[in-house]
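Biologist: I have a model open on my screen and would like to learn how to read it. Could you take me through it, one feature at a time?

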Amino acid sequence: MNSVEAINKRVKVNPLKSRFLVASAGFALLSASMAALAFGQTKPTDFAYNTWTTWAIKEFVEEAKKPDLVFLGSSLMLVPLDSTDADHLQRRIDGSAHHKSAYFEDRFAEKTGQKVSTYNFSLPGEMPSDAALITDFLLKGEKAPKVIVYGVGPRDFLDNLLQSPAATDPFQTLSRFGDWTKRVDLIVPQWQERLSYELGQAFYTYGSKSQLVFNANKVINALLDKVAPQPQLKQTAVELAGVRRLLLPDYHPFEINRQQCLFSPELANARPKFEDNVGEYRQRYKNLKLETFNGQMQFLSDILVTAKSRDIHVVLVAMPITDVNRNLLSDNIWKLYCDRLRTLAAANSESTTFFDMQASGGFKTEDFKDTLHLHSGGGAKLLDKIVQVMATDKPTMAALTSNNNIALERFRQTTRQEAMIEQKESPAL
Amino acid sequence: MLFNSLQYLVFLPVVFLLYWISPQRLRVPLLLVASYVFYCTWRPIYGLLIFGLTMATFLLVPFIHKAATAASGKHIFTPKVWLGIAVAVNLLCLAIFKYAYFAVGSVKQGLSMAGIDWKEPHLHIILPLGISFFVFEFIHYAVEVYRGKPLVKNFSALALFAAFFPTQIAGPIKRYQDFVPQLTEKLKFKWEYVDEGMQMILMGLAKKVLLADNLAMVVQAGFAHPENFSSVDLWLITYAFAFQIFFDFAGYTDVARGSALLFGYKVPINFNLPYMAANVADFWNRWHISLSTWLRDYLFIPLGGSRVSRPLVYRNLFITMALGGLWHGAAMHFLAWGAYQGIVLILHREYVRVLEAVGINKKLAASPTAAKLYHWFSIVATFHIVCIGWVLFRADDMKTAGAMILKLVQAPVDLLHFSASQLAILQIRDPIIFPALLLLLPGLMISQPIIAWLNDKKFYQSPPWAVQVSLMVALMCLLTIFSPDSSPRFIYFQF
């Protein structure tokens, strides 16, 4: 490298010989070539590590049979569903492997005499933006269910600890399953994230870095297996994962492996102590960010519209929460939340059944394990009520008894048309 | 604002463009505004602190000059007193913001040992970024004026000297005689500024993002839970930290120097292959050079330096290094690290005396092969002595440092019946840096003599054009692919 003095002494300057300019052009060219060759592209289902989302997607994609009903929602839905099944089946439930509601299926069959298969796609921290991607990218065609039961709570729209919709684990995993750019303004609203996104669009090496790193790691791992093979271990993979979590608590914060999140059967008179998580929610609800609220409501609207276009009926459930948690929100905000849910459901009334579980007043603090999540007893109560609502709701029952052939045929037609357009647009070889 | 952030990716080109399209007379004010914007993006209120200290220094230092040039007895204070005031104002600021917690904690601990329960006052002080660096620059300025060097008469020049954004947060600690004259040079834009500057920036980011950040994961795990690792693992982790802190700080310095060069400014180097040092004194000539020369000029020499009796020289060495350790952070383990450096420097001087007395130097001079072998042995030994010091530096507290060092010294015994299967770093395959350490560390160690050899051959002064372009393309690719979503702060930002 040359010193400032050396540079200052030079006279001739030729921009075409600028190393940085030539290198930048070279980098852009290389990046474009890699993009053209789709260098190092992986399948969306090639996950670098496992999370709640990857487990749910894997099983959903691999299962040959499509479910009649899909549950969507955050931990508000996930916790009662899995803990109720632990009680109902009288065994420990592994949250990473159990993606159904056996309790609901049995209760629904008892009530209506009709068998339905369910798939639980509720995930911890799932926002409406995530649920919208699940609906748009996965619940379609051969895999489109007849009914979606979507449980929402105020946190889903008012979480101020969430940096942006792009920051969630479900988004990071699901974003590779389809084109989400039509909602880019809502998904990456902050300028730094937006800049990062635009850089990713401009430079293949940046935009596809997770896939390129995934491939690079495979190569390095293969080399390491030869040069420095992993010794025979006494610990199980779960134990090792536990050690890793202890050593690096911030590394892959969303990673979940088998047997790491278990729901055990509980006795009604010996439940764990009520957890006071008011402090956490005080932080989450602090200062309403209208931008976040409106953005997430838009995604909820997208879900309802997408479902309608695919002849999927939606049962939108305003989930119950404790009064303690409800009182963290001002009356105005609470009203805004309730009103917007009602308005959205009403705008899609042909394909949406709205049930306000909070307003029904059927839940007491004793039904909850903390200020927000129902325990297995409360979960059973919730599912009983949902069964009751669905069994008496004609559009829902009609959707469940239909064979979805119309929707499937429509999907096939669209796919064929898209393929024909692509063929026409492709240059002749 | 971090160098390895998207904010900086926008900030730097904007300032660069504005700078070169501005007329000469606006360039210093522009850089000054940009530097304050850079500082205030972190915590705007602390912009007042750096401004206040600049103003205080600007107003106080001329009194040193006036007192020195005034006829005897005509001035209210002697130059020494004015120097004392200027230095005290700066040190007081540093003491309040950096050492108040440490002082209160130490007093409380001392009193509790004496059986006195003292309810300490609740302090809520956030350490201002870069305070240790700009305070040292101000003290250097005051001392140099005291020693007869010229005053800086332009406030903007002094303000930019301290606040210059490339060096503002973690140095290198500049000398005003080198920096301030550059402000008045009439520079014309040259592509070479961009070429050299961007090459340095890319190299610096690569050191930080590709090497230091990855090594940080192993280091964090090892230092947080040494009980989970064998003594051999801990040596590897200590080596990893040696390279982590080097690449982190050298990477930062490269970005700082490269950023400065984009504006045609030269700032001093901070590193010169420190792990090729053949003894600890040599190490300090190669490691954090701008700090070690500062400590030499403004602490060691004023204490008497080497021109006093041997015990006093050793006292001076010890005090200088111990205070140098404390400069890094207000904690006992930093003080211990500094004291350790002082002790090993003293031992090194004694060792040299013994060698000279025995006449080994003459014998080595007579045999080039033996001299070479001894030289390489010295490099390896120095590296390990430095590594032991890094344990004190990196550990969260003295207890952890002690536990780690105890385990490290067991390594020779453990190695007698050791097999690779006992290595904990091989058991963890993700993150991949754990098993990769066995490949990476030898590579990094071998790279040091290779770089030294290339330096000797003056390769870096005129590498082929195509090599430089290819290197930049490769770095751009690697950085865009392997840059983590969130990179940790530079280690030296906390000092």
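Biologist: What is the area buried between chain B and chain A, and what share do carbon and sulfur atoms give?

Modeller: The size of an interface is often given as the accessible area lost when the parts come together. Here the buried area (accessible area lost by two parts on being put together, 1.4 Å probe, summed over both) is about 5,100 Å² between chain B and chain A, with 68% from carbon and sulfur atoms. Keep in mind that this is a predicted model, where local features need pLDDT of at least 70 and side-chain atom pairs pLDDT 80 or more, while totals for chains, interfaces and linings use all residues. Residues are numbered from 1 along each chain as its sequence is written, chains are lettered from A and ligands numbered from 1 in the order written, and side-chain values use heavy atoms, without hydrogens and water.

Biologist: How many residues of each chain are in contact across it?

Modeller: Taking contact as heavy atoms within 4.5 Å, 55 residues of chain B touch 57 residues of chain A. The interface also has three salt bridges, each being a side-chain nitrogen of Lys or Arg within 4 Å of a carboxyl oxygen of Asp or Glu. Glu196(B) and Arg19(A) form a salt bridge, with their closest N and O atoms 3.0 Å apart. On the chain B side, H8(B) gives the largest share, 13 residues. That side divides into 34 nonpolar, twelve polar and nine charged residues; Ala, Val, Leu, Ile, Met, Phe, Trp, Tyr, Cys and Pro count as nonpolar, Asp, Glu, Lys and Arg as charged, and the others, Gly among them, as polar.

Biologist: How far apart are the end C-alpha atoms of helix H20 of chain B?

Modeller: Helices are DSSP runs (H or I, at least four residues; strands are E, at least two), numbered from the N terminus, and the expected span is 1.5 Å times one less than the number of residues. For the 18 residues of H20(B), 465-482, that gives 26 Å, and the end C-alpha atoms are 26 Å apart, which agrees. Its buried residues (under 20% relative accessible area; exposed is over 50%, partly exposed in between; 1.4 Å probe, protein chains only) include Val469(B), Met472(B), Val473(B) and Met476(B). An α-helix has 3.6 residues a turn, so residues three or four places apart point the same way. Among the elements covering the buried residues of H20(B) are H2, H11 and H12 of chain A.

Biologist: Which salt bridge does Lys146(A) form?

Modeller: Side chains of opposite charge can pair when their charged atoms come close. Lys146(A) pairs with Asp68(A), closest N and O atoms 3.5 Å apart. Lys146(A) lies in the loop between H6 and S4 of chain A and Asp68(A) in the loop between H3 and S1 of chain A, so the pair ties together parts 78 residues apart in sequence. Lys146(A) is buried at 12%, and Asp68(A) is buried at 14%.

Biologist: Is Ser164(A) buried or exposed?

Modeller: Ser164(A) has 2% relative accessibility, so Ser164(A) counts as buried. Ser164(A) sits in the loop between H7 and H8 of chain A. Its side chain makes a polar contact of 2.7 Å with that of Glu193(A); the rule is a pair of N or O atoms within 3.5 Å and, within protein, one able to donate a hydrogen and the other to accept it, residues adjacent in sequence counting only if both atoms are side-chain atoms.
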